[in-house]
Amino acid sequence: MAEKITIVMSMVLVNNYVLAQFLGICPFLGVSKKLDSATGMGIAVIFVMVLATAATWPIMQVLKQFEIGYLQTVVFILIIAALVQLVEMMLKKFIPSLHKALGVYLPLITTNCAVLGVCISNIDAGYNYINSLFNAAGAGLGFLLAMVLFAGVRQKLETATGVPEAFKGVPITLITAAMLSMGFMGFSGLFQ
Amino acid sequence: MLTPILIVVAIGLVAAGMLTIASKVFFVPVDETFATLRAELPGANCGACGYAGCDDYANAMADDHTVSCTKCPVGGPDVAAKLAEILGVEAGGAERDVAVVQCYGTNHATKKIMEYAGIQTCSAAKQFFGGVSACPYGCIGLGDCERVCEFDAIKVIDGVAQVDRDACVACGMCAKACPNSVIRISTEKNKVIVQCRSIAAGAEVRKVCSNGCIGCKMCEKACKFDAVHVEDNLAFIDPEKCKNCGACAKVCPTYAIVNMRKPPVKKAPVKKDAAKETTAA
C-alpha cells in the first residue's frame, strides 16, 4: 500500500504532469480562466486517464506478444479516442447531469497529450496493472491540482491593476505559469 | 509484416463496431426544436451570445422560449429572423438591437479637469480620481469600447464614443467594457435617445457640460404620447411608448435628446457657441 501512496503522491507533487513534465499545457492555459470550468476539466481528465490506462495496459500486453511494441503510440491514440467517444455516449444516456457539467471538455480530452503520456509512461515504468491505475489517478489528481491553483491565480490576475500594459493578457499568464512551475520544483527529490 | 497491419486494422474495426453499436444503444432522442435551431446557428462556438457555444445557446432557446433569439452577433439579424421563425416568436422578438451611448459630452461641450498622462484607458483613468472629465457620469473618451468592438462599430469621435448603428450587432462588449456604464443596449427602432445620464441637478450639469440633461421637463410637456419622463434630473424615454416623432428633441434646450433619424448636423455651430458661452462664463 505504501508503494501505491508513493506513486500517487509523486505524480501529484514531484512529477506533476503539467508543472514538472509540461504535458497537457493546452487545456492548462485554455480552460483555466474560471475556477469551476477548471475543476470540471480536471475531474474529467482524472476519469479519462484511469479509464484509458485500464484499456491500454492489456492492449500493450497483446502488442508485446506479437513483438510490435513500436505501434504503441498509434494504437493508444486509437483506443483513447474511441474510449472517450464511448464514455461520452454512456454519460449522455445514464448520467446527463455529469455529461452537462463536463460539457465540451470531454471530447477535448481526446487530444490531450497528458492522457497519452500517462498510458505510455505506465508501460515505460514497468508498472503492473494495479499500480498503473494508481499512477493514472495520481497524474489526473496532479492535473486537477495544477488547474485549480492556476485558475485561482488567474481570476486574481483578471482584476489586478498593477500589471504593466505590455504584460497584460497572455504574457503575464505565461509568466505566472512559469512561477508556479518553479514552485513545484521545490518538491523534486521528495520521493526516491 | 502483415501481422501489425492486421492487428491495428482489427483494433480499429472493433472500436468502430463498438461505437456504432453504442450510438444505437445509448441513443438519446434529441429535441427536434434544438436540432433545427442548432442548424441555423453559424457554429462558430465563439460564446459571444453568453452561452458556452452554439449547442448551449440552441438548448437554452429550445428549453425556454423567452430566451432572446437575437443574441448571436455572428449570424446577425438574418439568423435571428430564422430562429424567431422556428420558435414561433413574434417578429417583435427579432428586433435588432444596437448600442446606445448615453453621453454627448464632446470636446466642445464639456471640459477636462486634468491633463491625464497615465495609462490611456478609460478603466485606468476612472480609478484615478474618477476620470478626466468634469462630468463624473459621462463618457471618459479614452476608447475602451473602441478597443473591445470586433465590428468597428463604435469610435471615439470628438472626445465622445459614437455608435455606427448599421455596423453595430449589439454584442454588448462595449457596454461591459465601459467603466462609467455610459453604453447600454437598446432596440434599434427607438431612434430618439437621451444622450446623457447625469443625475446631478440642472445647475450642476450646466457648469460641466452644455449638452447634458438639466431636468427642465420641456420634453415631458412636448411629448404627445406620454413617453418622456424626467426622473432624478434625467429624461427617460419609454421605448414602448415612443413613436420617434422627435418633438422632445426639438424642444430640448441642451441637445441632450437627439433624433437619430436626423443626425445632428445642424448642431455643430450651435455647440461651438455653447462652448464659447461656457468658457466665457
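This is a predicted model: local features need pLDDT of at least 70, side-chain atom pairs count only at pLDDT 80 or more; totals for chains, interfaces and linings use all residues.
Student: With which residue do the side chains of Glu188(B) and a partner meet in a salt bridge?

Tutor: Residues are numbered from 1 along each chain as its sequence is written, chains are lettered from A and ligands numbered from 1 in the order in which they are written, and side-chain values use heavy atoms, with hydrogens and water left out. A salt bridge is a side-chain nitrogen of Lys or Arg within 4 Å of a carboxyl oxygen of Asp or Glu. The partner is partly exposed, with a relative accessible area of 22%, and the N to O distance is 3.3 Å, in a pair that Glu188(B) forms with Lys191(B).

Student: How many salt bridges does the structure hold over all chains, and what is the N to O value between Lys155(B) and Asp152(B)?

Tutor: Over all chains the structure holds eight salt bridges. In the pair in question, Lys155(B) is partly exposed at 33% relative accessible area, whereas Asp152(B) is exposed at 56%. The side chains of these two residues, Lys155(B) and Asp152(B), meet with an N to O distance of 3.6 Å.

Student: Which residue forms a salt bridge with Asp55(B)?

Tutor: The closest N and O atoms of the pair are 2.5 Å apart, and Asp55(B) counts as partly exposed at 43% relative accessibility. Helices (H or I, at least four residues) and strands (E, at least two) are DSSP runs numbered from the N terminus, and the pair links distant parts of the chain, from helix α3 (residues 54–63) to helix α2 (residues 32–40) of chain B, 17 residues apart. The partner, itself partly exposed with a relative accessible area of 22%, is Arg38(B).

Student: Which residue has the backbone oxygen that lies 2.7 Å from a polar atom of the side chain of Thr254(B)?

Tutor: Thr254(B) lies in the loop between α10 (247–251) and β8 (257–259) of chain B, and is buried with a relative accessible area of 3%. Contact means heavy atoms within 4.5 Å, and, not counting residues up to four places away in sequence, Thr254(B) touches several residues, including Arg206(B), Ser210(B) and Cys213(B). The residue whose backbone oxygen lies 2.7 Å away is Gly212(B).

Student: At what distance does the side chain of Ser133(B) reach the backbone oxygen of Cys139(B)?

Tutor: Ser133(B) is found in the loop between α5 (122–127) and α6 (144–148) of chain B, where it is buried with a relative accessible area of 10%. Not counting residues up to four places away in sequence, Ser133(B) touches Lys111(B), Lys112(B), Ile113(B), Cys139(B) and Ile140(B). The side chain of Ser133(B) reaches the backbone oxygen of Cys139(B) at 3.5 Å.

Student: Which three residues supply 34% of the area that chain B buries against chain A?

Tutor: Buried area is the accessible area (1.4 Å probe) that two parts lose on being put together, summed over both. Chain B and chain A bury about 1500 Å² between them, 86% of it on carbon and sulfur atoms. The three residues that supply 34% of what chain B buries there, more than any other three, are Ile11(B), Leu19(B) and Phe26(B).

Student: What pLDDT does chain B average?

Tutor: Of the residues of chain B, 90% score at least 70. Over residues 265–281 of chain B, however, the pLDDT is below 50, and beyond near neighbours in sequence this stretch has 13 contacts in the model. Chain B averages a pLDDT of 81.

How values were computed
Buried means under 20% relative accessible area, exposed over 50%, partly exposed in between (1.4 Å probe, protein chains only). A polar contact is a pair of N or O atoms within 3.5 Å; within protein, one must be able to donate a hydrogen and the other to accept it, and residues adjacent in sequence count only if both atoms are side-chain atoms. pLDDT is the predictor's confidence in each residue, from 0 to 100.
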